[in-house]
Amino acid sequence: MNITYACPTCHEGVRAEFDSKTCELSCPHCNGQIAVKSDAINENRIKRCLACPSTDLYVRKDFPQRIGVALVGIGIIGSSIAWYHTNLTWTFGILFATALADVLLYTLVGDALMCYRCDAQYRGVEEMDTHGQFDLETHEKHRQMAARIKSTPSA
Ligand SMILES: [Zn+2]
Ligand SMILES: [Zn+2]
C-alpha cells in the first residue's frame with residue numbers, strides 16, 4: 001500500500017509505502033513526522049486517515065484527469081479537422097475512437113482511497129469498498145470545518 005499526501009509541515013507532496021506495522025510517516029523534504037494511530041490500519045484495511053485526524057475516506061476512480069481531458073481535446077480537434085474536410089467517416093471515426101479510449105481507460109484504472117479532509121490518496125489498499133463513494137454532505141462538512149479553522153485567529 002502507499003499514500004500520497006501533503007506534508008503538514010512543509011506542504012511538499014510525499015509518497016510513502018506503508019503496511020499494518022507502520023507507526024509513523026516521515027517527510028523526505030523536511031524530516032517532519034506524523035505518528036500513525038495504532039488503530040488506523042487493520043490488516044489491509046484503512047480505518048482512518050494516516051496524515052490527518054479525519055476518519056472520513058471515500059473511494060474514487062484513480063483516473064488521470066489530464067489524460068482524460070487530453071483525449072477529449074484530441075477527439076474534438078481531430079473530428080473538427082475531418083469535418084472541415086467534409087470527411088464524415090473520419091469525423092465520427094475520431095470521435096468514436098477517442099470516446100472509446102476514454103471508456104477503456106476508465107475501466108482499466110483501479111480505485112484510490114481519498115481523505116475528505118486533507119486530500120491524501122491511498123493506493124493498493126484492499127477492501128476499499130467499506131468506505132463509500134464520494135458524499136457531498138461529508139465533503140461540505142469538512143470544507144466548512146477547514147474554513148472555520150482558517151478564519152480562527154491564532155493566538
Ligand atoms: Zn515535509
Ligand atoms: Zn486526511
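Start by selecting M114: in this predicted model, M114 stands opposite Q121 of strand β9. Now widen the selection to residues 111-115, strand β8, and residues 121-123, strand β9; the two strands run antiparallel and are joined by two bridges.

Time to colour by domain. The domain assignment places 2-62 and 110-133 in domain 1, and 65-108 in domain 2. The C-alpha centres of these two domains are 36 Å apart.

Move over to helix α1, residues 65-84. Its end C-alpha atoms are 29 Å apart, which agrees with the 28 Å that its 20 residues should span at 1.5 Å a residue. Just after α1, click T86 to see a positive phi of about 45°.

How do α1 and α2 pack? Their axes are 7 Å apart, at an angle of about 170°. Angles over 145 degrees count as roughly antiparallel, and α1 and α2 are therefore roughly antiparallel to each other.

Finally, show side chains where the helices meet. On the α1 side, include I67, L71, I74 and W83; on the α2 side, W90, I94, L95 and L105 are among the residues in the contact. The contact's residues divide into twelve nonpolar, six polar and one charged.

Methods
Residues are numbered from 1 along each chain as its sequence is written. Chains are lettered from A and ligands numbered from 1 in the order in which they are written. This is a predicted model: local features need pLDDT of at least 70, side-chain atom pairs count only at pLDDT 80 or more; totals for chains, interfaces and linings use all residues. Two strands pair if DSSP finds at least two bridges between them. Helices (H or I, at least four residues) and strands (E, at least two) are DSSP runs, numbered from the N terminus. Domain bounds come from an automatic or database domain assignment. The expected span of a helix is 1.5 Å times one less than its number of residues. Axes are lines fitted to C-alpha atoms, for helices over the stretch in contact, and angles run from 0 to 180 degrees between N-to-C directions. Angles under 35 degrees count as roughly parallel, over 145 as roughly antiparallel, 65 to 115 as roughly perpendicular and the rest as oblique. Two residues are in contact if their C-beta atoms, placed from the backbone, lie within 7 Å. Ala, Val, Leu, Ile, Met, Phe, Trp, Tyr, Cys and Pro count as nonpolar, Asp, Glu, Lys and Arg as charged, and the others, Gly among them, as polar.
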